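User: Can you walk me through this one? I'd like to start with the charged side chains.

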Amino acid sequence: MGIEEFGGGQTAQADVLVVTTNDVPGYEVTQVIGEVFGLTVRSRHLGSQIGAGLKSMIGGELKGLTKTLVETRNQAMERLVEQARVRGANAVLMMRFDVTEAADVGTEVCAYGTAAVIRKV
């Protein structure tokens, strides 16, 4: 597996810019639309859990679980962007991830931020 399989984020052509900052240099916020989020819950795969348990005894990265988490975060981000787009935003400011256990059967990943309209100054 190459490093590209473990990355996330947006493509350069994204119509909704997602940033973790309060503002975007060279742009001004013309409208704050409000909170948006993208949520997904993934169940645990028995095979990967067994493999992770064995790997944890000898140490090292759990690549299967890492790849699953990247895919999960990307799905949450896609849903976040879609919510912002539907509400008329072209940016999401202060984007964050929240990860929690979901009733002992899976992992909940939520991407959230503030939908806004920005324009170049």
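This is a predicted model: local features need pLDDT of at least 70, side-chain atom pairs count only at pLDDT 80 or more; totals for chains, interfaces and linings use all residues.

User: Which side chains meet Arg 85 in a salt bridge?

Analyst: There are two to name. Arg 85 meets Asp 15, with 2.8 Å from N to O. Arg 85 lies in helix 2, residues 63-86, while Asp 15 is in the segment before strand 1 (17-18), so this pair ties together parts that are 70 residues apart in sequence. Arg 85 also meets the side chain of Glu 82, at 2.6 Å from N to O.

User: And where does Glu 82 sit relative to Arg 85?

Analyst: Both are in helix 2, 3 residues apart, which means about one helical turn separates them. Asp 15, Glu 82 and Arg 85 are linked in a network of salt bridges.

User: What does Glu 28 pair with?

Analyst: Glu 28 forms a salt bridge with Arg 119, at 2.3 Å from N to O. Glu 28 belongs to strand 2 (residues 27-43) and Arg 119 to strand 4 (residues 106-120), so the pair ties together parts that are 91 residues apart in sequence. Glu 28 is partly exposed, with a relative accessible area of 29%. Arg 119 is partly exposed too, at 48%.

User: Let me step back. How many helices and strands does the protein have?

Analyst: It has 2 helices and 4 strands. Along the sequence they follow the pattern β-β-α-α-β-β.

User: How much of the protein is buried?

Analyst: Buried residues make up 27% of its 121 residues. The accessible surface comes to about 7,700 Å², and 55% of that belongs to carbon and sulfur atoms.

User: Which residues touch the most other members of the largest nonpolar core?

Analyst: That core has 16 residues, and the ones touching the most other members are Val 18, Val 36, Leu 80, Ala 84, Val 92, Met 95 and Ala 115. Strand 2, helix 2, strand 3 (91-102) and strand 4 each supply at least two residues of this core. Helix 2 gives the largest share, 5 residues.

User: Take Ala 84. What does it touch?

Analyst: Leaving out residues up to four places away in sequence, Ala 84 touches Val 16, Val 36, Ala 89, Val 92 and Ala 115.

User: Where is Ile 118, and is it buried or exposed?

Analyst: Ile 118 is in strand 4. Its relative accessible area is 9%, under the 20% limit, so Ile 118 is buried.

User: What does Ile 118 touch, then?

Analyst: Not counting residues up to four places away in sequence, Ile 118 touches Leu 17, Val 24, Tyr 27, Glu 28, Val 29, Thr 30, Asn 90 and Ala 91. Glu 28 is the residue that forms the salt bridge with Arg 119.

User: How far apart are Ile 118 and Gln 31?

Analyst: They are 87 residues apart in sequence and 7.1 Å apart in space, C-alpha to C-alpha.

User: New topic: rings. How many aromatic pairs are there?

Analyst: The count is 0 aromatic pairs. A ring does come up with a charge, though. The charged end of Arg 73 sits over the ring of Phe 97, 4.4 Å from the ring centre.

User: Last one. What is the phi of Met 94?

Analyst: Met 94 has a positive phi of about 55°, although it is not a glycine.

User: Why mention that?

Analyst: Because most residues other than glycine have a negative phi.

User: Where does Met 94 sit?

Analyst: Met 94 is found in strand 3. With 29% relative accessibility, Met 94 counts as partly exposed.

Technical notes. Residues are numbered from 1 along each chain as its sequence is written. Side-chain values use heavy atoms; hydrogens and water are left out. A salt bridge is a side-chain nitrogen of Lys or Arg within 4 Å of a carboxyl oxygen of Asp or Glu. Buried means under 20% relative accessible area, exposed over 50%, partly exposed in between (1.4 Å probe, protein chains only). Accessible areas come from the Shrake-Rupley method with a 1.4 Å probe; for residues, only the protein chains shown count as cover. A nonpolar core is a set of buried Ala, Val, Leu, Ile, Met, Phe, Trp, Tyr and Cys residues joined through side-chain atoms within 4.5 Å. Contact means heavy atoms within 4.5 Å. Rings of Phe, Tyr and Trp (its six-membered ring) pair if their centres lie within 6.5 Å; planes under 30 degrees apart count as stacked, over 60 as edge-to-face and the rest as tilted. A charge sits over a ring if NZ of Lys or CZ of Arg is within 6 Å of the ring centre and within 35 degrees of the ring normal.
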